[in-house]
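Dear colleague,

I am passing the structure below on to you, together with some notes on what came out of going through it. Please read the notes with the coordinates open.

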Amino acid sequence: MKNKSLLQLQAYDAIKSRILTGELEPEQLYSETKLSAEIGVSRTPMREALQCLSQDGYITIIPSKGFMIRQLNAKDMRDSIQIRCAIEGFCTKVIVSELETERCQELIHSLGGMLEQMERALSQEDMESFIHYDHQFHLLLVNYLHNDEFNHIFQRLLYLIQLTSKSALAVEGRTEDTIEEHREYYEALRSGDGPRAYELIINHLMMPLQLQPV
């Protein structure tokens, strides 16, 4: 979305927000014209925004008809998880190598705080917050590197990550297991056990493929 018009950005952000909050649902055909009127932009920036949303994996454009929200399939899940393993596994190695630095210790502190937020959300049976803090935990790892390409990839994967999380966490007991896996990883990271932390993050990310193939 670099070098795009203000109206195109407005349309892109508005539709993306509606998708991530569930306001726009799968298996329903949406009209470009109707959304243009609702959001308050003309058809040209709307069409350009939809093209970007399609490229970023949020929607499927149906020529001459409109668009539909992209649905999760087996390949989507596998591909997104493999990308996350590559990025977060590498981030884990870098973090362990810089464990003694002040910036890394601040990260460890933030990860601990995120774990507490996840536990609080679970105790309150607030799944929306639980998923939010789960994502934030992983984003802390990725953002630590200040790698713009990593951040961009994760933004593009955000919707597929959300769909994968909802699918996996629907399995009975998975929320409790998720917190335990995060805590084990956190402890390995904090103690500087790089190989153990790497193994744990990969196993954690791969778990949805074992739980609920789609």
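Does serine 64 count as buried or exposed? Please keep in mind, before the answer, that this is a predicted model. Serine 64 counts as exposed, because its relative accessibility is 85% and the cut-off for that class is over 50%. The residue lies in the loop between β1 (59-62) and β2 (66-69), and its phi is near 65°, a positive value in a residue other than glycine. Glutamate 27 also deserves a look, since it has a positive phi of about 65° although it is not a glycine; glutamate 27 is found in the loop between α1 (6-20) and α2 (32-39) and is exposed, with a relative accessible area of 64%.

Next comes helix α7. Its 22 residues, 148-169, should span 32 Å at 1.5 Å a residue, and the C-alpha atoms at its ends are 29 Å apart, which agrees. At the start of α7, a side-chain oxygen of asparagine 147 comes to within 2.9 Å of the backbone nitrogen of glutamate 149.

The helix α7 also takes part in the lining of both spaces described next. The largest pocket holds about 350 Å³ of space, and of the 14 residues that line it, Leu20, Ile131, His132, His135 and Gln162 lie nearest its centre. Both α6 (127-143) and α7 supply at least two residues of this lining, with α6 giving the most, at 8 residues. Sorted by class, the lining of the largest pocket comprises 5 nonpolar, 7 polar and 2 charged residues.

Five helices, α4 (74-97), α6, α7, α8 (174-191) and α9 (194-211), each supply at least two residues of the lining of the largest cavity, and here α7 gives the most, with 4 residues. By class, the lining of the largest cavity has 5 nonpolar, 6 polar and 3 charged residues.

With best wishes

Methods. Residues numbered from 1 in each chain as written. Predicted model: local features only at pLDDT ≥ 70, side-chain atom pairs only at ≥ 80, totals over all residues. Heavy atoms only, no water. Expected span 1.5 Å × (residues − 1). Polar contact = N/O pair within 3.5 Å; in protein donor to acceptor, adjacent residues only side chain to side chain. 1 Å grid on protein atoms, 1.4 Å probe; cavity = no way out; pocket = protein on both sides within 12 Å on 5 of 7 lines; lining within 4 Å. Points joined across faces, edges and corners; volume = space filled by probe spheres on them. Nonpolar A, V, L, I, M, F, W, Y, C, P; charged D, E, K, R; others polar. Buried < 20%, exposed > 50% of the residue type's maximum accessible area, 1.4 Å probe, protein only.
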